[in-house]
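Please work through the exercises below with the sequence and the model at hand. Each task is followed by a solution in steps.

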Amino acid sequence: MSQKDQAEKTILEGISYAKLEKHKDAISFFDTALKQDPENVDALYNKGMSLLKMKKTKEAISCFEKIISHDPNHVDALNNLGNHYAELQQFQKALTYYDKALSNDPWYIPALYNKGIATIRLERYDDALDCLNKVLDKEPENMQTAYYKGLVLGKQKKHDEALLYLDKILEKEPDNNEAVFYKATELSELGRHEEAIAIFDKILKEFPKNGTIIYAKARSKALLGQNDDALILLAQAISHYGRTIKNWAVKDSSFDKIKGDPRFRTIVK
């Protein structure tokens with residue numbers, strides 16, 4: 001057996017252990033292959049992926065960077081480097097890696113999806129929709145992508161369209177709590193507060209101390225003119241999330257009609 005064939009066999013053995021989530025064992029095989037050929041891209045990539053599973057991010061990134069030094073067009077390594085910087089909240093830097101991957105393969109779904117999420121965080125919603133739409137063109141049943149598209153449409157004040165996407169997700173995944181919450185949020189944005197409150201109440205039965213949900217319900221109550229209920233709920237939300245909720249409430253136009261109420265000033269001071 002040639003040295004190349006032996007290396008391929010060793011890597012395949014490592015991959016079989018990785019599939020079993022035995023990543024420490026898998027890495028021992030990848031390292032054996034790398035002793036024979038320190039620039040073996042397949043061994044470096046699979047070692048990097050196992051290191052990620054083991055939460056050894058720094059070592060994993062080193063593997064991906066070595067790959068790029070040998071093969072600057074390796075889309076999987078570029079995508080993982082992008083993910084690393086996205087996790088560090090360095091979204092602009094993450095985009096440089098996603099864009100490099102996409103320059104080599106414009107329909108590389110992982111980079112398209114991840115670029116979409118990064119551009120959402122940068123509030124570049126048109127760019128985000130472009131990426132998410134491309135993913136949905138190839139994977140129309142990708143519910144996670146549909147979910148983020150719904151969020152982006154909501155950010156763009158296209159609330160009816162956002163609601164359609166969230167309903168589509170809930171047809172497939174009725175227990176998707178995030179989609180349920182954002183559906184209620186979109187109903188509220190459309191002035192359908194009673195429907196929104198019914199959904200908030202349903203969520204609160206399962207998560208009674210969720211300050212974000214309580215706050216959202218308080219907003220709808222205020223917009224319905226149910227000021228006493230709104231103030232009680234706002235105080236409850238603040239008891240769970242404190243200063244964050246206070247800052248939201250002070251800036252939130254939903255509470256404009258009760259901001260002159262001494263009780264509101266006491267709650268948010």
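The model is predicted: local features need pLDDT of at least 70, side-chain atom pairs count only at pLDDT 80 or more, and totals for chains, interfaces and linings use all residues. Residues are numbered from 1 along each chain as its sequence is written, and side-chain values use heavy atoms, with hydrogens and water left out.

**Exercise 1. Annotated repeats**

Task: State which residues the annotation "repeat: TPR" covers, and describe the spans 7–40 and 75–108.

Solution. 
Step 1. According to the unreviewed UniProt entry, "repeat: TPR" covers residues 7–40, 41–74, 75–108, 109–142 and 143–176. UniProt positions are given in the numbering used here, feature names are shortened, and annotations may be inferred rather than shown by experiment.
Step 2. The span 7–40 is 79% helix and 0% strand, and its end C-alpha atoms lie 9 Å apart. Helices (H or I, at least four residues) and strands (E, at least two) are DSSP runs, numbered from the N terminus.
Step 3. Residues 75–108 are 79% helix and 0% strand, with end C-alpha atoms 8 Å apart.

**Exercise 2. Helix α7**

Solution. 
Step 1. Of the 13 residues of α7, 10 are buried, among them Ile-109, Leu-112, Tyr-113 and Ile-120. Buried means under 20% relative accessible area, exposed over 50%, and partly exposed in between (1.4 Å probe, protein chains only).
Step 2. After α7 comes Glu-123, with a positive phi near 60°.

**Exercise 3. Ser-50 and Leu-34**

Task: Decide whether Ser-50 is buried or exposed, do likewise for Leu-34, and list the contacts of each.

Solution. 
Step 1. Ser-50 belongs to helix α3 (residues 41–53). Because its relative accessibility is 2%, Ser-50 counts as buried.
Step 2. Leaving aside neighbours within four places in sequence, Ser-50 is in contact (heavy atoms within 4.5 Å) with Ala-18, His-23, Ala-26, Ile-27 and Phe-30.
Step 3. Leu-34 lies in helix α2 (residues 23–36) and is buried, with a relative accessible area of 11%.
Step 4. With neighbours within four places in sequence left aside, Leu-34 is in contact with Asn-40, Ala-43, Leu-44 and Lys-47.
Step 5. The C-alpha atoms of Leu-34 and Phe-255 are separated by 62 Å.

**Exercise 4. Pockets**

Task: Give the volume of the largest pocket and of the second largest pocket, and state which helix gives the most to each lining.

Solution. 
Step 1. The largest pocket has a volume of about 970 Å³. On a 1 Å grid over the protein atoms alone, a pocket is an open set of points where a 1.4 Å probe fits, with protein on both sides within 12 Å along at least five of seven lines; lining residues have an atom within 4 Å of a point. A volume is the space filled by probe spheres set on the points, joined across faces, edges and corners.
Step 2. Of its 28 lining residues, Lys-155, Phe-181, Tyr-182, Thr-185 and Glu-189 are the closest to the centre of the largest pocket.
Step 3. With 7 residues, α11 gives the most to this lining of the largest pocket.
Step 4. The second largest pocket has a volume of about 260 Å³; α12 gives the most to its lining, with 4 residues.
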